[in-house]
Amino acid sequence: CNGKIIVVLSKNYEKSDECLFLTYFARTLDPDSKNRNIIPVMIDKNVTIPNVLKGLSIIKYNYDFRCGWLRKKLINAIAA
């Protein structure tokens, strides 16, 4: 898996064991985040961030969209 993975953090993500498993699996492919394969995007407020994503920069959809930064942040994250 050499591609990028966008993890959409939402209330449904919190309830899904499959999503959490796949996030942990993706993290094991790039444990020190050198390749920046995981791009977390938070779309709901007050979502619990799993330990596997702690330390990564999280794109906050609502805030960044209102400020006009969402597109630029996503493009930069995918290009990195």
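The protein has four helices and three strands; helices (H or I, at least four residues) and strands (E, at least two) are DSSP runs, numbered from the N terminus. The model is predicted: local features need pLDDT of at least 70, side-chain atom pairs count only at pLDDT 80 or more, and totals for chains, interfaces and linings use all residues. Residues are numbered from 1 along each chain as its sequence is written, and side-chain values use heavy atoms, with hydrogens and water left out.

Read from the N terminus, the elements follow the order β-α-α-β-β-α-α. The radius of gyration, taken over C-alpha atoms, is 12 Å, close to the 12 Å that the globule rule (2.2 Å times the number of residues to the power 0.38) gives for 80 residues, so the protein is as compact as a globular protein of that length. Along the principal axes, the C-alpha atoms fill a box of roughly 35 × 30 × 20 Å.

Next comes the sheet. Strands of a sheet pair through backbone hydrogen bonds, either parallel or antiparallel. Here three strands form an open sheet in the order β1-β2-β3, with parallel pairing; two strands pair if DSSP finds at least two bridges between them. β1 (5-9) and β3 (59-60) are the edge strands, each pairing on one side only. Strand β2 (residues 38-42) is joined to β3 by two bridges, and Val41 has Ile59 in β3 as its bridge partner.

Burial can be looked at as well. Of the 80 residues, 31% count as buried, meaning under 20% relative accessible area (1.4 Å probe, protein chains only).

Definitions and conventions:
Buried means under 20% relative accessible area, exposed over 50%, partly exposed in between (1.4 Å probe, protein chains only).
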